[in-house]
Structure formats: C-alpha cells, structure tokens
Amino acid sequence: MNEIKKRIVIAGGSGFIGQALALDLAAKYDVVVLSRMPKARNDGVREVEWDGVHLGEWIALLNGAEAVVNLTGKNINCLHTPENIRELMASRIDSVSAIDAALEHIKEPPRVWVQASATGFYGNSGEVIRDEFSPGGDNILAEICKHWEKTFQEAKAEKTKKILLRVGFVLGRDGGALPVLEQFTRRYLGGRAGSGKQCISWIHMFDLVKMFRYAIEDEKLSGIYNAVGYEPVTNKDFMRELRHILRRPWSPPVPGFIIRLVARRMKSEPSLALEGCHAIPIRFLEAGFEFRFSTLKDALADLYKKP
C-alpha cells in the first residue's frame, strides 16, 4: 500500500530558487507550486494559479499541508525607479498578507511557514560582518526587506511555526546573477566592479535548497536565519575565481560610472554590482548545518564541471 505523501505548498515556486526547491522536495513530498501562470508538468510537481494578492481556490491546498514556503517577489534586478520600488514592495508584502489571510480560513493550517527574505536587509554594510542579530541597513532594499519581514512577523498564524531565511547571492547556472557575470567574463570583461571591495555573501543552490529543507523538517529551528555560505568574498576575489574557472586572463577593472551607464541601458540596477553585504550564517552553523560547498572555488568547480 502506497504511503500518502505530505503536501508542501510553494508560493512563487516557478522562479529560479523555487524550481530547484520544488524538484528536490518532490522526491519525498506532494509538491504544489502557486504561480501566476501555471502550466502542466510531468516531473511530479503540480502548479496551481494564484495572483499573490487575493484569496482563491488555492487556499484549500494549505489545509493539512506540512509546510508552506513563500518565495514570491518581483525580481530586484530592475531599475529602482519609484514605480518599480512600489512593485518590489507590494509583490512581497501582498503575498505574505494573502497567505496570512488564507490560514484563517482553514481548519488544519501548515505545521511550518518558511518565508524568504534577503540579506539586502542589512543594506550596503561594507566589510562589517552581519549576523542574524545585526540591525537593518538604511538603503532602499533594506527598507523593502524591513517592511517585508515586519508583515511576516505580524502574521497571526497562531498554529504555524514561522521561519524566515535571509537569502544571499545564489549560485546556479539556470538563473540569478551568475549567468550574467559568466557572459561578461567569457567576453574578457570579467574585471572587478568599481572598487571590488564590496562583499558577496554567496551560497551554492544545492546548499540553499538544503537549508529550506532543513527549515521544513527540523523541529528545533525557528526564527531568523541567514541563508548564505560561511566564507563570503569580495567582488574582486569573486571575479578572479570566475575568470579562473572559465579560463580567462586578467581583465581590467570596470569603473563605477561605466557600470552605472551599462546597467541603465540594460534596465538593471547598478547598486546590485557596486554594493555588498558581509553576512554570515551563525544560526545555521549553531544548528549543526553542514555545507557541501564551503569555498567559492569548490562551488564554481561544481557548477562548471563537464557533464
């Protein structure tokens, strides 16, 4: 007799992180992805429509679920115009509010709610180390994260444990910033950005997915965790390692004004390349989490290994 799998609902699960997480969890759980544009799949994952704002038939999927994971949010890699900032804020806050409201309409709420945030919470912190107990920053991304997290912390969810993961710079070949940096580097444009001193708190997608699974399954975990590796690097060192793995020679630095000009033409936000955060995962380490990729060299070697 087949055992009935526990259900995990992933809101915003059709994005870069969500796709990797859904496929990983599908081996053990009944995984349902909430998406604005659901599609039929043959990989064991179901997709159901939601708009990230209003209640709908999707709330029934939360009833009796083991966990709900919320990854919803407009991509920050856009020009931070007033309109885009409003959309960045709304897409995050509205989805949290929708899930919170949904939990009040079901009899058996999920055991745990894992909510994504970002290390952007700490702002442009320079070389100052930030752990989970550090204060928030003061730039626009920090303000968005503060409001995002405040909405989550104020969610009632009386019968559901809440865990928040501040996600850093995720390394993967299928999305995020790495493919963009790879493209520049392959074209011999892989020099440091600006001063190169800005810190990159990176994490391999494998370890990030493991962190989400850890948050779902380990009953001892609760509260806020930095979802990053424990050896952050500067932009200068990151680009050097990327050039090495892609077998490209030294490249000249790219001045800040050039990055600002190119980024705006690409409708991207230059501060994402010129600012950084030195975040470390103190609470995951204290919880006994074991990383598979502890150094950037090993992480990139895995991502660019030959099939």
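# Helix packing and loop residues in a predicted model

User: This is a predicted model. How do the axes of helix α3 (residues 82–103) and helix α4 (residues 140–153) lie, and at what angle do they cross?
Analyst: Two packed helices are described by the angle between their axes and the distance between the axes. The axes of α3 and α4 come within 9 Å. Angles under 35 degrees count as roughly parallel, and α3 and α4 are therefore roughly parallel to each other. Their crossing angle is roughly 15°.

User: Is the crossing of α3 and α4 left-handed or right-handed, and which residues make the contact?
Analyst: The crossing of α3 and α4 is right-handed. From α4 come Ile 140, Glu 143, Ile 144, His 147, Trp 148, Thr 151 and Phe 152. By class, the contact has 9 nonpolar, 3 polar and 2 charged residues. The α3 side is made by Ile 85, Leu 88, Met 89, Arg 92, Ile 93, Val 96 and Ser 97.

User: At what angle do helix α1 (residues 16–25) and helix α6 (residues 205–217) pack?
Analyst: The axes of α1 and α6 are 10 Å apart. Their crossing is right-handed. The packing angle is about 60°.

User: How many nonpolar, polar and charged residues are in the contact of α1 with α6?
Analyst: Phe 16, Ile 17, Ala 20, Leu 21, Asp 24 and Leu 25 sit on the α1 side. They meet Met 205, Leu 208, Val 209, Phe 212, Arg 213 and Ile 216 of α6. By class, the count is 10 nonpolar, no polar and 2 charged residues.

User: Which residues of helix α7 (residues 235–245) are buried, and what arc do they cover?
Analyst: The buried residues are Asn 235, Phe 238, Met 239, Leu 242 and Arg 243. Their arc around the axis puts them on the same side of α7. That arc is only 135°.

User: Which elements do the buried residues of α7 pack against?
Analyst: The strands are β8 (169–171), β9 (199–200) and β12 (233–234). The helices are α5 (178–186), α9 (271–274) and α11 (296–303).

User: How are α5 and α7 oriented to each other?
Analyst: The axes of α5 and α7 come within 10 Å and cross at roughly 65°. α5 passes α7 in a right-handed crossing. Angles of 65 to 115 degrees count as roughly perpendicular. α5 and α7 are therefore roughly perpendicular to each other.

User: Which residues of α5 and α7 meet?
Analyst: Leu 178, Leu 181, Glu 182 and Thr 185 are the α5 residues. By class, the contact has 5 nonpolar, 1 polar and 2 charged residues. The α7 residues are Phe 238, Met 239, Leu 242 and Arg 243.

User: What phi does Tyr 188 take, and where is Tyr 188?
Analyst: Most residues other than glycine have a negative phi. Tyr 188 has a positive value. At 48% relative accessibility, Tyr 188 counts as partly exposed. It lies in the loop between α5 and β9, with phi near 65°.

User: What phi do Lys 267 and Arg 247 take?
Analyst: Lys 267 is in the loop between α8 (256–265) and α9. Lys 267 is exposed, with a relative accessible area of 63%. Its phi is positive although it is not a glycine, at about 55°.

User: Which residues is Phe 206 in contact with, leaving aside its neighbours within four places in sequence?
Analyst: Phe 206 lies in helix α6. At 36% relative accessibility, Phe 206 counts as partly exposed. Its C-alpha is 10 Å from that of Asp 302, 96 residues away in sequence. Its contacts are Arg 292 and Phe 293.

User: What separates the C-alpha atoms of Asn 42 and Ser 97?
Analyst: Asn 42 is in the loop between β2 (30–35) and β3 (45–49). At 79% relative accessibility, Asn 42 counts as exposed. Asn 42 and Ser 97 are 55 residues apart along the chain. Their C-alpha atoms are separated by 31 Å.

Conventions. Residues numbered from 1 in each chain as written. Predicted model: local features only at pLDDT ≥ 70, side-chain atom pairs only at ≥ 80, totals over all residues. Heavy atoms only, no water. Axes fitted to C-alpha atoms, helices over the stretch in contact; angles between N-to-C directions. Helix = DSSP H or I, 4+ residues; strand = E, 2+ residues; numbered from the N terminus. Parallel < 35°, antiparallel > 145°, perpendicular 65-115°, else oblique. Left-handed = near helix turned anticlockwise from the far one by under 90°. Contact = heavy atoms within 4.5 Å. Nonpolar A, V, L, I, M, F, W, Y, C, P; charged D, E, K, R; others polar. Buried < 20%, exposed > 50% of the residue type's maximum accessible area, 1.4 Å probe, protein only. Arc of directions from axis to C-beta.
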